[in-house]
Amino acid sequence: MFIEIICETLRCTHPGLRSPLTRQMERYILDHLFESITVREIAESVGRHPNYCGMVFRREKGCGLQEYIHRLRLEHAISLMKEGDL
């Protein structure tokens with residue numbers, strides 16, 4: 001199960017050709033990763049409708065916004081455990 005999560009995370013976070021909109025959403029997520037983040041807040045930060053943002057993000061990244069946020073947080077927790085800081 002753990003290996004499947006890591007493989008999916010890599011697929012989801014693999015940098016490929018991304019639109020400026022997706023890069024803006026990724027930047028907002030990274031800047032607010034340890035806060036409570038909603039799709040609505042992400043959409044407001046880029047000036048688009050939440051449904052549109054979700055659709056574009058899923059098409060370009062292969063996963064939804066909330067899934068992406070959860071995976072980034074999981075990766076961070078794993079890295080802290082490996083470093084012994086958690």
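**Reading helix packing around H4**

Visitor: At what angle do the axes of helix H2 (residues 20-31) and H4 cross?

Guide: The axes of H2 (residues 20-31) and H4 cross at roughly 100 degrees and come within 10 Å. Two packed helices are described by the angle and the distance between their axes. Here H2 is therefore roughly perpendicular to H4 (65 to 115 degrees; axes are fitted to C-alpha atoms over the stretch in contact, with angles from 0 to 180 degrees between N-to-C directions). The model is predicted: local features need pLDDT of at least 70 and side-chain atom pairs 80 or more, while totals for chains, interfaces and linings use all residues. Residues are numbered from 1 along each chain, and side-chain values use heavy atoms, without hydrogens or water.

Visitor: Which residues make the contact?

Guide: Contact means heavy atoms within 4.5 Å. Leu21, Thr22, Met25 and Glu26 of H2 meet Tyr52, Cys53, Val56, Phe57, Glu60 and Lys61 of H4.

Visitor: Which residues of H4 are buried?

Guide: Buried means under 20% relative accessible area, and exposed over 50% (1.4 Å probe, protein chains only). In H4 (residues 50-61, a DSSP run of H or I with at least four residues), Cys53, Val56, Phe57 and Lys61 are buried. They fall within an arc of 105 degrees, so they line one face of H4 (the arc is that of directions from the axis to the C-beta atoms). Asn51 and Arg59, on the other side of H4, are exposed.

Visitor: What covers the buried residues of H3?

Guide: Ile42, Ala43 and Val46 are buried in H3 (residues 39-46). These buried residues lie within an arc of 100 degrees, so they line one face of H3. Their cover includes H2, H4 and helix H5 (65-83), whereas Arg40 and Glu44 are exposed on the face turned away.

Methods: Helix = DSSP H or I, 4+ residues; strand = E, 2+ residues; numbered from the N terminus. Expected span 1.5 Å × (residues − 1). Parallel < 35°, antiparallel > 145°, perpendicular 65-115°, else oblique.
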